[in-house]
Amino acid sequence: MALLELQNVHTFYGNIHALKGISLAVNEGEIVTLIGSNGAGKSTTLRTISGLLSPRQGQVLLNGRRIDTMPSHEIVKLGVSQSPEGRRIFPRLTVLENLEMGAYIHSRRDPQYQADLERVLDLFPRLRERVAQKGGTLSGGEQQMLAIGRALMSRPHVLLLDEPSMGLAPILVDQIFSIVQDINKQGTTILLVEQNALMALGIAHRGYVLQTGQIVLSDSAKRLSENETVQKAYLGLD
Ligand SMILES: Nc1ncnc2c1ncn2[C@@H]1O[C@H](COP(=O)(O)OP(=O)(O)OP(=O)(O)O)[C@@H](O)[C@H]1O
Ligand SMILES: [Mg+2]
C-alpha cells in the first residue's frame, strides 16, 4: 500500500476546475516530483493533500486512511507537513520562534523537541548562526531554509515541498537540493514541486507530469528525464 495516495481528485476554486481527476501514489521512502508549467495545478495538488483545499470529488489517503475530510491541523498531526510556495515565514518572529511554531503539535517539553531543533539547525547551519534574528530580516534563501526547517519541526513522515529553490542563487539551489536528499535519507518521504525540473528529476525516484489539472505522464525519474516530450517542454532541451 502506498503511504500517500490520491484517487481521482477534483479540486475547484469557485467555478475554476483546477484539478481534473488526479491519481497518484507516493511510497514510503521515496522522493516523488510533480512537474508542470505555470498554472498546471502543482500547488493546488499539495494544498489539497495538506487540507488547505477540499476536493469536490475523489479521495486522499494516508496509509489507506482518508484524510481529505480532515482539517489541516489534523493532517499535520498524522505526519504530513507542507513548506508552502513563497517562503511564508513569520517575519516578526525570530528564527527560533518560527521553528517553534512548526513544532506546535508537540510540546516544547517533549524530549524529542530539542533533538528536532538540533537536527534542523544541523541541516541549516546558517539558521543556527541566526536563531535570534527576526525572520523578516533573513535573505530570501535563508527564509526558504527557515520555511523548510519549520516544516521539519513537526517531525513529518511526508514532507510536501512547493518550489524550495524558487528565487535562489545557483549555489544555494544546489545546497537546497542536497539538503532535500539528506532529509529523505534520514527517513522522510518527499513530494517535491519544482520549476527546476532537471534538478528535481536528478534527485527524485519517480515523477508525474501535470498539464492543466491532469496527469499526462508518470514514470521513473530517469525515464522522464530521457523522455523527448519532457525534455522539450520542461527541461529546456531540444
Ligand atoms: N486562489 C485561487 N483562486 C482561483 N484560481 C486559482 C487560485 N489558486 C490557483 N488558481 C488557479 O488554479 C490553477 C492551478 O494553479 P496552481 O497554483 O496549482 O498552479 P501551479 O502548477 O502551482 O503553478 P506555478 O508553477 O505558477 O506555481 C491555475 O489556473 C490558477 O490560476
Ligand atoms: Mg505553484
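The model is predicted, so local features need pLDDT of at least 70 and side-chain atom pairs count only at pLDDT 80 or more, while totals for chains, interfaces and linings use all residues. Residues are numbered from 1 along each chain as its sequence is written, and chains are lettered from A and ligands numbered from 1 in the order in which they are written.

The protein contains ten helices and ten strands, taken as DSSP runs numbered from the N terminus (helices: H or I, at least four residues; strands: E, at least two). Its radius of gyration is 17 Å, close to the 18 Å that the globule rule gives for 238 residues, so the protein is as compact as a globular protein of that length. Here the radius is taken over C-alpha atoms, and the rule is 2.2 Å times the number of residues to the power 0.38. Of the 238 residues, 44% are buried (20 or more other C-beta atoms, placed from the backbone, within 10 Å of the residue's own).

The largest nonpolar core has 61 residues; such a core is a set of buried Ala, Val, Leu, Ile, Met, Phe, Trp, Tyr and Cys residues joined through C-beta atoms within 7 Å. Helix H6 gives the most to this core, with six residues. Ile190 is among the residues with the most contacts inside the core.

In helix H3 (residues 95-102), the buried residues are Val95, Asn98, Leu99 and Gly102. They lie on the same side of H3 because they cover an arc of only 95° around the axis, judged by the directions from the helix axis to the C-beta atoms.

Key
Buried ≥ 20, exposed ≤ 12 C-beta atoms within 10 Å, placed from the backbone.
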